[in-house]
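Student: I would like to learn how to read a structure feature by feature. Could you take me through one?

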Amino acid sequence: MSTHNVWTHKGTFLLAAVGSAVGLGNLWRFPYLTGENGGGAFILIYALTIFAVGIPILIAEIMLGRNSRRSPIMGMRFLTSTHKTSRGWETIGWLGAASAFIILSFYSVIAGWALHYTGLMLTGSLDGADAETIGASFDALLASPPLLTLYHTLFIGASALIVGLGIHRGIENGLRVLMPALFVILMVVLVYSAAIGDLSAAATFLFTFNVADLSLEGWLQAMGQSFFTLSLGMGAIMAYGAYMSSDASLTRTAFAIAVVDTAVAMIAGLAIFALVFGAGLDPGEGPGLMFVTLPLAFAEMPAGPLLGGVFFILVLGAAISSSISLIEPVAAFLVERFDLERPQAVSAMVIASWALGLLTVFSFNLMAEDTLFHTLFGRSAFGLLELLTNIFMPLGGMLIALFAGWALTHGEVMKEMRTNESWFRLWRFLVRFIAPAAVAFVFLRTIPQVEGYLLPSIGAVVIVGAFAAGRTFLAERQES
Ligand code: TRP
């Protein structure tokens with residue numbers, strides 16, 4: 001056994017996983033990407049991947065963590081040796097570490113904006129302001145590298161402190177209050193947005209679709225977002241799974257995470273787009289969407305500054321409970337592999353990620369347009385980092401699905417899932433074939449040239465994947 005211990009309460013895993021899943025991804029990223037990609041079609045792809053691909057992979061990822069009881073990289077090393085498979089599967093751990101490092105870098109910058117808005121709300125600076133004033137104040141924030149860097153540093157520092165001191169497991173009690181409170185305030189915001197905005201336009205925008213409207217990169221973004229919002233495919237859930245008690249139900253837990261997470265995103269989306277259409281704002285505004293719309297509702301409400309302040313504090317809480325899950329897997333690896341002390345491991349990870357975060361800071365001002373970077377990559381540095389995670393996370397998820405589907409034995413899976421044989425069969429079919437094929441489909445879909453060869457290509461990918469994985473399957477058969 002490794003050095004990990006098991007969480008004391010059965011429900012803690014669920015709480016920690018929901019804490020990881022619900023965050024800026026739901027409140028900030030989901031609405032802004034949906035707005036940029038024209039609404040309904042984006043949501044359709046997003047929702048399909050959550051339920052057909054996300055949940056089975058969620059189960060698979062928790063399973064790998066709980067079975068190995070190690071941090072992701074060491075866990076995969078352990079599993080490849082106990083299952084006599086190629087060490088290549090360790091890629092899951094390495095890809096995950098790379099994603100964690102990249103996501104944390106920009107996540108912290110955006111969470112820094114929420115810090116700024118907490119101040120604006122509590123001081124009443126935006127009380128009674130109109131859309132134009134609020135927009136101008138946001139632009140002023142983005143134009144200031146020192147301010148953005150300060151907030152970025154404060155947020156990432158606070159997250160590091162929590163993980164470094166090892167008190168993140170004690171955050172349990174905080175989350176028990178924070179999550180319901182966030183939910184209640186979101187409902188209040190929704191009611192106000194409906195009153196002063198245009199809820200039916202928002203609903204039409206979000207829930208009617210024409211798949212042909214979705215750009216090729218939109219497909220990738222929708223799938224990437226469904227992984228991002230569930231904290232999936234990069235080891236965070238695996239690291240938490242390693243601490244999960246052996247008798248909590250995987251299937252029920254995975255469903256609960258997905259349902260709560262999706263509900264929060266939908267409520268935030270409805271509220272934000274009601275305000276967008278009510279105030280005649282642009283749904284494709286980009287990353288600032290949440291920050292130029294929600295303050296509008298708080299500007300109108302009675303006790304708006306107070307409620308707004310509390311709201312942004314809760315957003316920060318939700319963001320911190322997510323950012324600690326980005327630090328944990330990499331820090332746990334450094335501790336296990338190099339025998340570092342916990343604070344050292346956390347510092348190493350966070351300092352590197354902080355530095356990378358400066359790229360995101362500058363991509364809103366110094367490097368905003370017409371720089372060499374834009375010419376080379378056709379997008380901002382922040383855009384490039386997001387694109388990388390949109391590729392890494394589904395890829396990691398696909399490998400997780402294949403490994404769990406093909407390499408784990410029937411007995412191991414049953415021991416983890418504790419369901420009946422038909423649920424097991426359904427799950428295994430999904431992770432062996434459907435999830436990998438869906439990810440392959442979206443990847444191939446984003447390459448325009450392959451349009452005509454799409455179905456045959458997916459077939460080829462699945463057959464090659466299944467064949468490669470089949471070798472482990474045979475090894476397993478011989479043993480039993
Ligand atoms: N899921 C979080 C959110 O929606 C972000 C996040 C936290 C995350 N941990 C992660 C994303 C691990 C991917 C992987 O805000």
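This is a predicted model: local features need pLDDT of at least 70, side-chain atom pairs count only at pLDDT 80 or more; totals for chains, interfaces and linings use all residues.

Student: Now the charged pairs. How many salt bridges does the structure hold?

Tutor: The structure holds 7 salt bridges. The pairing to look for is a side-chain nitrogen of Lys or Arg within 4 Å of a carboxyl oxygen of Asp or Glu. One of the pairs is E416 with R66, where the closest N and O atoms are 2.6 Å apart. Because E416 belongs to helix α18 (residues 410–417) and R66 to helix α3 (residues 40–68), this bridge ties together parts that are 350 residues apart in sequence.

Student: How accessible are E416 and R66, buried or exposed?

Tutor: E416 counts as buried at 5% relative accessibility, and R66 counts as buried at 4%.

Student: Which residue meets E217 in a salt bridge?

Tutor: The partner of E217 is R379, at 3.2 Å from N to O. E217 lies in helix α10 (residues 216–229) and R379 in the loop between α16 (372–377) and α17 (381–406), so the pair joins parts that are 162 residues apart in sequence. E217 is partly exposed, with a relative accessible area of 30%, and R379 is partly exposed at 23%.

Student: What about the side chains of R342 and E328?

Tutor: They meet in a salt bridge of 2.8 Å, N to O. R342 is in helix α15 (residues 342–363) and E328 in helix α14, 14 residues apart. Read the accessibility of each partner separately. R342 counts as partly exposed at 22% relative accessibility, whereas E328 is buried at 0%. Salt bridges can also join into a network, as they do for R77, R87 and E90.

Student: Which residues of helix α4 are buried, and what covers them?

Tutor: In α4 (residues 72–82), the buried residues are P72, I73, M74, G75, M76, L79 and T80. Their cover includes α3, α5 (91–122), α11 (236–241), α14 and α17. Just after α4, K84 takes a positive phi of about 50°.

Student: Last, the ligand. Which residues come nearest to the ligand?

Tutor: Start with the shell, then go through the polar atoms. Of the 17 residues around the ligand, A21, G25, Y107, F228 and M234 come nearest. A polar backbone atom of A21 is 2.9 Å from an oxygen atom of the ligand, and a backbone N or O atom of G25 is 2.7 Å from a ligand oxygen. S231 places a polar side-chain atom 2.9 Å from a nitrogen atom of the ligand.

Student: How much of the ligand's accessible area does the protein cover?

Tutor: The protein covers 100% of the 350 Å² that the ligand has on its own. The elements giving two or more residues to the shell are α1 (12–21), α2 (24–36), α5, α10 and α14.

Methods: Residues are numbered from 1 along each chain as its sequence is written. Side-chain values use heavy atoms; hydrogens and water are left out. Helices (H or I, at least four residues) and strands (E, at least two) are DSSP runs, numbered from the N terminus. Buried means under 20% relative accessible area, exposed over 50%, partly exposed in between (1.4 Å probe, protein chains only). Contact means heavy atoms within 4.5 Å. A residue is near a molecule or strand if one of its heavy atoms lies within 4 Å of it. A polar contact is a pair of N or O atoms within 3.5 Å; within protein, one must be able to donate a hydrogen and the other to accept it, and residues adjacent in sequence count only if both atoms are side-chain atoms. Accessible areas come from the Shrake-Rupley method with a 1.4 Å probe; for residues, only the protein chains shown count as cover.
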